[in-house]
Amino acid sequence: MNYNYHTHTMRCRHAKGTPEEYVLRAIEGGIKYMGFSDHAPYIFPDGYESGYRVKVSESKDYVDDILLLKEKYKEKIDISVGFEMEYYPSHFEKMLKISKEAGAEYLILGQHFIGQEHPGGTHTVDLMDDVNSLKEYVENVVDAIKTGVFTYVAHPDIFNFTGSLKDYRNEMRRICVASKEYNVPLEINFLGIRDKRNYPFEEFWVIAGEEKAPVTFGFDAHDVQSAYDGESIAEAERLVNTYKLNYIGKPKIIEI
């Protein structure tokens, strides 16, 4: 594996280490194509600004920092800069505009909340058996795929559903079908592997294999060591082989 487009920085306020430390670790691990995709900046209409995002006031500095590293290490690694962004229908155009104005080159979709995070959002990793919440999550992911601006879907299996497996399969199949139809890859997320989270969820990857959806890998690095996560590759490859996934390797960057 010589690529990773899912890397965070300390500017998101829940990751550690400087961007240059991440770059050096990636080079050490043999990464040739690297993307920084910190959580997209946004201020909600009532003035709320999430504590896990890059601040809007720092978004241009974030991009400029990465572009300096892109130039400095261009003989050793190809670096891109973007954001991991949610799809909230009523806020999407403004969020996209802020990301573009900051200078982002690409986006990955990371749908962390059901509906939207504010006010009163429910995080997708919270245990829940409500099929309507599952449907809302799926609808937003499918609509995001259809926009054509996302390079891939990060941790598509993050939704921690405890209800009917039949309902889960029916809904998640919609994501896999859309992924194949619009050629937007689905990510096997290495943070989930490292931390033994509720994802990667094998039932999801059964469906992805059946639908032949394109699949890629992402380190989801929040610390320097994880900027190359060789230890998780074997588990990701096991999923690919077990469920006969359509693994495409390095995704094609969609420029915004």
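**Entry 1. Proline sites**

I began with P119, which lies in the loop between β5 (113-114) and β6 (122-123). I took helices (H or I, at least four residues) and strands (E, at least two) as DSSP runs, numbered from the N terminus. The model is a predicted one, in which local features need pLDDT of at least 70 and side-chain atom pairs count only at pLDDT 80 or more, while totals for chains, interfaces and linings use all residues. Residues are numbered from 1 along each chain as its sequence is written, and side-chain values use heavy atoms, with hydrogens and water left out.

I looked up the peptide bond from H118 to P119 and found it cis, with omega near 0°. I found a cis bond from Y199 to P200 as well, again with omega near 0°. P200 is placed in the loop between α6 (190-195) and α7 (202-211). I note for reference that most peptide bonds are trans, and that most residues other than glycine have a negative phi.

**Entry 2. Positive phi**

I next looked up backbone angles. R13, although not a glycine, has a positive phi of about 70°. This residue is found in the loop between β1 and α1. R13 counts as partly exposed at 38% relative accessibility; buried means under 20% relative accessible area, exposed over 50%, and partly exposed in between (1.4 Å probe, protein chains only).

K244 also has a positive phi, near 50°, and is a residue other than glycine. I located K244 in the loop between α8 (233-242) and β10 (246-247). Its relative accessible area is 61%, so K244 is exposed.

**Entry 3. Aromatic rings**

I then turned to the rings. Rings of Phe, Tyr and Trp (its six-membered ring) pair if their centres lie within 6.5 Å; planes under 30 degrees apart count as stacked, over 60 as edge-to-face, and the rest as tilted. By this rule I recorded 18 aromatic pairs. One of them joins Y5 and Y106 edge-to-face, at 5.9 Å centre to centre with 80° between the planes. This pair links distant parts of the chain: Y5 is in the loop between β1 (3-4) and α1 (19-28), and Y106 is in strand β4 (residues 106-109), 101 residues apart. Both Y5 and Y106 are buried.

I also examined F92 and F150, whose pair is tilted, with 6.3 Å centre to centre and 40° between the planes. F92 in helix α3 (residues 92-102) and F150 in strand β7 (residues 150-153) are 58 residues apart, so this pair too links distant parts of the chain. F92 is buried at a relative accessible area of 7%, and F150 counts as buried at 2%.

I noted one aromatic cluster formed by Y137, F159, F161, Y168 and F201. At Y33, K250 lies over the ring face, 4.7 Å from the ring centre; a charge sits over a ring if NZ of Lys or CZ of Arg is within 6 Å of the ring centre and within 35 degrees of the ring normal.

**Entry 4. Surroundings of S37**

Which residues is S37 in contact with, leaving aside its neighbours within four places in sequence? I found Y5, H6, T7, H8, Y62, G82, F83, E84, Y106 and I108, where contact means heavy atoms within 4.5 Å. S37 is found in strand β2 (residues 33-39) and is buried, with a relative accessible area of 0%.

**Entry 5. Cysteines**

I searched the whole structure for disulfides (a pair of cysteine sulfur atoms within 2.5 Å) and found zero. C12 counts as buried at 0% relative accessibility, and C176 is buried with a relative accessible area of 0%.
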